[in-house]
Amino acid sequence: MSTREMSVAQAVVEFLGNQWTVDTIDGVRTEVRTVPGTFGIFGHGNVAGVGQALKQAQVHAPGLMPYYQGRNEQGMVHQAVGYARHSRRRQTYAVTASIGPGSSNMVTGAALATTNRLPALLLPSDVFATRVPDPVLQQLERPDAYDVTVNDVFRPVSRYFDRVWRPEQTFSALLNAMRVLTDPVETGAVTIALPQDVQAERIEVPEEFLTPRQWRIRRPEPEAEELREAVQAIRGAQRPVIIAGGGVHYAFAHDKLRTFAEATGIPVAYTQAGVGVLDWDHELCLGAVGSTGSTASNAYVAEADLIIGIGTRYEDFTTASRTAFQHPGVTFVNINVASFDAFKMSASVPLVADAGKALVALTQALEGWRVPEGIAEIVAREKVRWDGIVDQAFTTRLQPLPAQNEIIGAVNAAMDDQDVLICAAGSLPGDLHKMWRVKDPWGYHVEYAYSCMGYEIAGGLGIKRAALAEAGIGPDAAAANATGAGVSRPRDVVVMVGDGSYLMMHTELVTAVAEGLKLITVLIQNHGYASIGALSESLGSQRFGTKYRYLDQEAHTFDDAETLPIDLATNAESLGAHVIRVEQGPDVIDRLGQAVAEAKARPEGSGPVVVYVESDLYADAPSSESWWDVPVTPVSELESTQEAYRTYAEHKARQRPHVG
């Protein structure tokens, strides 16, 4: 067997550069590089290992494994996740970090990737395998378990974890890593801890290990018996509804979902991850469902006797903490590639299959069957009601500062259908889920499984990289057909972020500046945590600790003093971003729309744009007429908490167990 002498890190880099994802949808075969690049911040733990290998590849094999700088290790993982989501889990980035805090900074990103079922490859550096110089700089020592390092914290938040203590373990570690990254059921964060001395060790690498290798995404057909049971359940339903999740997107099944819905007349509601599966104005689209849903969806699903969950994991926001489904005989048909999710909610029929293939099979098996008469009228009536509520929220002109609803409406109107919206945490995700009007399956990316403050700008950069590759631009142009979306120009990627999340992590704006990436960020400042402030008020805690105020030394409170003199627009300018300030005034919403249009008109390669606008902290979004379970103490001396508990008890009484 022919071999090559290399360092372990060199073998890792060359191996990753030769891995290819192969996917076939409706007979169309797509082949893209699984790991098109590596993000890295170097320290003593990886500079002479993975850092040297990446530099050597840059010199001797340009294009094999392009390197990208990051400014925060967590942010680099978020970029990988954003890229993975837009490429529909066919691709992701590798992320290398140094020993100690450099590596542990990635843990939050790992948890986010795994919670969202999105692939990300993490290469944290580790202590010396030989232990000769122990304890080394930044080493965590445990007197009770010397084989434990700080990187063991990745175990519970990774779908696959390995540590290469010896060079020979490199082969199995990387092969297993690729197996999990490309598995639609198992995917998530994959962590391969690399001891800093092992990275630089010599190893004889079989040529076979380094040759191009293909990893096929499995898309299983539904079992015949499960399909028959699903068809029987649907035929017997009087008021069925589809709840579509992210699995529809990852199966490239939005067209198949529309065909199925139109053929049967079954209306569609969607989860946060499922936004975009159907155009917002489609006659069968009820919109968002659950705690952050539309009144149309929530009114309909409350009386539904059959829930057809497709590619959803039934998060508590989706089920309104299990109060959404009130029909006494409600049953569930769950279509999911993962049996773990298919069996949830005491499913009567768990259909374990690819969403696209299951929808095709169901459409054929139900040919000629439609929902009972009257369903279309109910859906139309509820849609008219909700659309009117949103129209009013978008056009209310609150003074002296606009409501966030108005800002959302203005940004939505200024964007093209194919543009992509990014968000993650705070009050914005819930408001966007309710009101954002989407007409493109790739047009909405709100990270709400982990709802990580600080994801927005970094995740948006990952989306922007994927959008450029999708359009055949830049070093990742080999991924031009990764989404199959057929865009003629790069999508504009628009991040909406509040001041709370912006302050958590805005440093990746510098990354966008360095690479000239045109990322548009709409930065909304309201001097506080609007989401948790409103929640705190509703739970009787009086917005405690949720405002950006000076400390009142005498009362020791941050609630009542003057607002902090924070100028985030100047902050963004200091990082190199082009900033458009939308000044206050009666026509602020019109000028906001113009500012977004101005940002969109800037050429690709011109760098990031931040559109800065202030909003009212207290103006709330329209009610979803739904609920979210956040426990309230029954024992309190505060009258506000006592009242909140009475309301909580009323909602709690409506919860349904739905075992599983």
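**A strand covered on both sides**

Guide: Let's begin with β7, which is covered on both faces: Ala-120, Leu-122, Pro-124 and Asp-126 are buried on one side, and Leu-121, Leu-123 and Ser-125 are buried on the other. Keep in mind that this is a predicted model.

Visitor: How many residues of β7 are buried, then?
Guide: Seven of the seven in residues 120-126, so the strand is largely enclosed by the rest of the structure.

Visitor: Which way does β6 run against β7?
Guide: Strand β6 (residues 94-97) runs parallel to β7, and four bridges join them. Thr-96, for example, has Leu-123 in β7 as its bridge partner.

Visitor: And how many bridges pair β7 with β9?
Guide: Five, again in the parallel sense, with β9 covering residues 189-195. Within that pairing, Leu-122 sits opposite Thr-191 in β9.

Visitor: Okay, new topic. What's the strand order in the open sheet?
Guide: The order is β3-β2-β11, three strands with mixed pairing. β3 (28-33) and β11 (213-216) are the edge strands, each pairing on one side only. On average, neighbouring strands in this sheet are turned by 30° against each other, direction ignored.

Visitor: How do β2 and β11 run, and what joins them?
Guide: They run parallel, and four bridges join β2 (residues 19-25) to β11.

Visitor: Now the nonpolar core. Which residues touch the most other members in the largest one?
Guide: Val-411, Leu-432, Trp-436 and Met-496, out of 97 residues in that core. Helix α15 (residues 375-395) gives the largest share of this core, seven residues. Another core lies apart from it, with 35 residues, among them Leu-121, Met-178, Val-190 and Leu-210.

Visitor: Back to Leu-432: what is it in contact with, leaving aside neighbours within four places in sequence?
Guide: Its contacts are Ile-408, Leu-421, Cys-423, Tyr-444, Val-446 and Met-496.

Visitor: Last one: at what angle do α18 and α20 cross?
Guide: Roughly 30°, with the axes of α18 (residues 455-470) and α20 (residues 508-515) coming within 8 Å. Angles under 35 degrees count as roughly parallel, and α18 and α20 are therefore roughly parallel to each other.

Visitor: Which residues meet there?
Guide: From α18 you have Ile-457, Ala-458, Leu-461 and Arg-465, and they meet Glu-508, Leu-509, Thr-511, Ala-512 and Glu-515 in α20. By type, the residues of this contact are five nonpolar, one polar and three charged.

Notes
Residues are numbered from 1 along each chain as its sequence is written. This is a predicted model: local features need pLDDT of at least 70, side-chain atom pairs count only at pLDDT 80 or more; totals for chains, interfaces and linings use all residues. Side-chain values use heavy atoms; hydrogens and water are left out. A nonpolar core is a set of buried Ala, Val, Leu, Ile, Met, Phe, Trp, Tyr and Cys residues joined through side-chain atoms within 4.5 Å. Buried means under 20% relative accessible area, exposed over 50%, partly exposed in between (1.4 Å probe, protein chains only). Helices (H or I, at least four residues) and strands (E, at least two) are DSSP runs, numbered from the N terminus. Contact means heavy atoms within 4.5 Å. Axes are lines fitted to C-alpha atoms, for helices over the stretch in contact, and angles run from 0 to 180 degrees between N-to-C directions. Angles under 35 degrees count as roughly parallel, over 145 as roughly antiparallel, 65 to 115 as roughly perpendicular and the rest as oblique. Ala, Val, Leu, Ile, Met, Phe, Trp, Tyr, Cys and Pro count as nonpolar, Asp, Glu, Lys and Arg as charged, and the others, Gly among them, as polar. Two strands pair if DSSP finds at least two bridges between them.
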